[in-house]
Amino acid sequence: FCESESFKMDLILDVNTMIYPVVLRDKFRLLLATTLQEDGAPDDGSYTASLEGTRADTFEYVMYGRIYRIEGDDFGDSNAILSAYISYGGLLMRLKGAANNLHGMEVGQTVYLLMKKLAF
């Protein structure tokens with residue numbers, strides 16, 4: 001479980017710690033994106049390691065998943081608290097916070113998660 005320092009968001013995230021160790025008090029940057037293309041152009045969801053110039057180049061850990069549930073009291077109220085649930089091939093995530101921070105997320109949408117530890 002972690003909290004954002006920049007937004008009022010709570011995150012619960014499964015991470016494959018065998019390939020990307022994360023320990024208590026680690027700080028990291030997390031980006032959710034619908035494409036890996038720097039220019040925002042849509043992609044087909046496939047990744048080739050030989051691709052250069054993608055958002056993944058500046059991150060250490062990348063997953064590809066699908067939003068399978070969005071919960072909240074009032075989807076029309078911008079002050080509402082929503083939770084978005086995403087499955088990354090069995091690794092699960094819940095992102096909870098103000099509806100305006102989860103704007104544009106829809107059930108069935110595919111999402112990349114990009115993560116990089118911060119040195120401090």
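Residues are numbered from 1 along each chain as its sequence is written, and side-chain values use heavy atoms, with hydrogens and water left out. In this predicted model, local features need pLDDT of at least 70 and side-chain atom pairs count only at pLDDT 80 or more, while totals for chains, interfaces and linings use all residues.

Me: How many helices and how many strands does the chain have?
Reply: Helices (H or I, at least four residues) and strands (E, at least two) are DSSP runs, numbered from the N terminus. From that terminus, the elements run β-β-β-β-β-β-β. The count is therefore zero helices and seven strands.

Me: What share of the contacts with a separation of 6 or more joins residues 24 or more positions apart?
Reply: A contact means heavy atoms within 4.5 Å. Among contacts in the chain with a separation of 6 or more, residues 24 or more positions apart account for 59%.

Me: Which residues does Leu 113 contact, leaving aside its neighbours within four places in sequence?
Reply: Leu 113 is among the core residues that touch the most other members. With those neighbours set aside, its contacts are Leu 13, Leu 30, Leu 31, Leu 32, Tyr 61, Val 62, Met 63, Tyr 88 and Met 93.

Me: Is Thr 54 buried or exposed?
Reply: Thr 54 lies in the loop between strand 3 (28-33) and strand 4. Not counting residues up to four places away in sequence, Thr 54 touches Leu 36 and Glu 38. Buried means under 20% relative accessible area, exposed over 50%, and partly exposed in between (1.4 Å probe, protein chains only). Because its relative accessibility is 3%, Thr 54 counts as buried.

Me: What distance separates the C-alpha atoms of Phe 28 and Ala 119?
Reply: Phe 28 is found in strand 3 and is partly exposed, with a relative accessible area of 24%. Phe 28 and Ala 119 are 91 residues apart along the chain, and their C-alpha atoms are separated by 8.4 Å.

Methods. Core = buried A, V, L, I, M, F, W, Y, C linked by side-chain atoms within 4.5 Å.
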